[in-house]
Structures are given as C-alpha cells and as structure tokens.
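Dear colleague,

I am handing over the structure we spoke about, with the sequence and the coordinates placed below. My notes on it follow, and I would be glad if you read them alongside the model.

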Amino acid sequence: MRTGEKIRAFYDAMLAAWGPQGWWPAETPFEVVVGAILTQNTNWKNVERAIANLKGEGLLSAEALARAAPERLAEVIRPAGYYRVKARRLRNFIDMLMRDFGGSLDALFALPAAALRERVLEVSGIGPETADSIVLYAAARPVFVVDAYTARILYRHGLVDADATYEDIQSLMQDNLPDDPAMFQEYHALLVEAGKRHCRKAAPLCSGCPLERFLERGQPAAE
DNA sequence: GTCCAGAGTG
DNA sequence: CACTCGGGAC
C-alpha cells in the first residue's frame, strides 16, 4: 500500500473503531482559542478545570481578559500548569485581537486562511500546533494539525523520517487528503486517541490498535 | 514516578 | 543544542 492510500485508510480504520470524537470540546470559538493555548503540553482534564474557573470568574471573553490583572489571570488558570507563561500567552493573543481587530474574533477569522495562520503565529507563545488548532477548530479552515502523536504514529509506520519537520508532516497529510475541514478535525482527534491508547512514547501497545494491520515487517521502528 | 491537544529562551 | 515552565491524573 502506498503512502497516500495508507494515510486515507488510517482515518477509516480509526473512525470505524472509535467513532467521531466530537472535537473541539468547547461552547464557542473563543473558548477554542483559550483551550488551544491552555492545553499546550498539558492533559486536557487539567485544562477543563482552568476553563471552568475562567467561566466562574466571568473571564471568558476578550474584554474581560484584557482587563484582568496578570497575577489574577495566572491564579485562575493555575490547574492548567505553566500558569504564569500561559497567562502571558493568553494576554498576548488578546492584545493582538483588541489592537488589530477591535476585539472581534469574527474580524480576525475573516482573513484568508494563510493570512490568518500567519497572523496568529506572530503572537508570542503561539507556535505551529496551537496556531493550526485555532485555524482548524475555531475558524474551521482546512489546515492539518500536527502534534507529537501524529509524528510518532507516522514515523512508526515508516511514513516519515524521525527528523521530519512540522511542515513536512503537515504537507504530507494535506497533499494526500481531500480539503475538508470537518475531516481534518476528526482525523487529528482520532490520532490523539490512537496516541493515548496505543502509540505511547515509552511502551507502544500495538495489540488491538486499529492501525496495527498497516504495520510492515520491522515496524514499529525503534526510537 | 511518568507524562501530558508545546513554545520560548539561553 | 539543552533547559525552563507546572499542576494534576494515573
């Protein structure tokens, strides 16, 4: 099976095994943005607590976040970890939104997809994965979100090299899939599920993984 | 004790 | 290149 077929077959196999994942779990696009920043290298369970705190404090809006004292914001999002850094990152995004788009997410999202991605990437503390999560899940534009699980799963199946860059992997996925935001949303969520359940860093549990049948001789590759 | 829906800095 | 940021779930 060649690369493109395999990439498309992965999706079908995971979807058949686990069904739709319902990502991104949030009530509004703004909440998606906040969650995308808070979940950097962090368990989603902890992010849920932080978002619940923000809601309880009435801080889940651009205006409220722009006014909140940095120390207070940090304390409220504390359960998400890296709380001082993340408080600053949230503020950096809000500052950009207020300054350049009148605080309107809709105005920001009206940009063409490529310009939107670049604009979000310019915010200090928002890197490629967080930017693409915002573009895909909050703005519903067709960019593929790459994360550590994506790289590991593709690497262990021999579809990318160990040193493949973010852009390498993103291009590989986008070049071999239809340009469908809803599908990209689902595919990334399914890869995260596969990563958590089976393709863990230290001890991969290939047995029972819906992607197991796509492994070839010698795979998964050693780290 | 491990590890998480990463990114910036020295 | 390594190091920092970090609470919480398991």
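**The surface around the DNA**

DNA strand C is surrounded by N41, T42, N46, R49, R78, P79, A80, G81, Y82, Y83, R84 and V85, where a residue counts as near a strand if one of its heavy atoms lies within 4 Å of it. This is a predicted model, in which local features need pLDDT of at least 70 and side-chain atom pairs count only at pLDDT 80 or more, while totals for chains, interfaces and linings use all residues. Residues are numbered from 1 along each chain as its sequence is written, chains are lettered from A and ligands numbered from 1 in the order in which they are written, and side-chain values use heavy atoms, with hydrogens and water left out.

By class, the surface near DNA strand C holds five nonpolar, four polar and three charged residues (Ala, Val, Leu, Ile, Met, Phe, Trp, Tyr, Cys and Pro count as nonpolar, Asp, Glu, Lys and Arg as charged, and the others, Gly among them, as polar). Helix 6 gives the largest share of this surface, three residues, and helix 3 (44-56) also supplies at least two; helices are DSSP runs of H or I with at least four residues, numbered from the N terminus.

A polar side-chain atom of N41 lies 3.4 Å from a base oxygen of DNA strand C, whereas a side-chain N or O atom of R49 is 3.0 Å from a phosphate oxygen, and a backbone N or O atom of R84 lies 2.7 Å from a phosphate oxygen.

Chain A is divided into domain 1 (3-22 + 145-214) and domain 2 (29-138), with bounds that come from an automatic or database domain assignment. The contact between them (heavy atoms within 4.5 Å) takes 11 residues from domain 1 and seven residues from domain 2, and 26 Å separate the domain centres, taken over C-alpha atoms.

Helix 9 (residues 128-138) is mostly covered, with nine of its 11 residues buried, that is, under 20% relative accessible area with a 1.4 Å probe and protein chains only. Its cover includes helix 2 (29-38), helix 7 (105-109), helix 8 (113-121), helix 11 (166-175) and helix 12 (181-197).

With best regards

Note on methods: A polar contact is a pair of N or O atoms within 3.5 Å; within protein, one must be able to donate a hydrogen and the other to accept it, and residues adjacent in sequence count only if both atoms are side-chain atoms. Buried means under 20% relative accessible area, exposed over 50%, partly exposed in between (1.4 Å probe, protein chains only).
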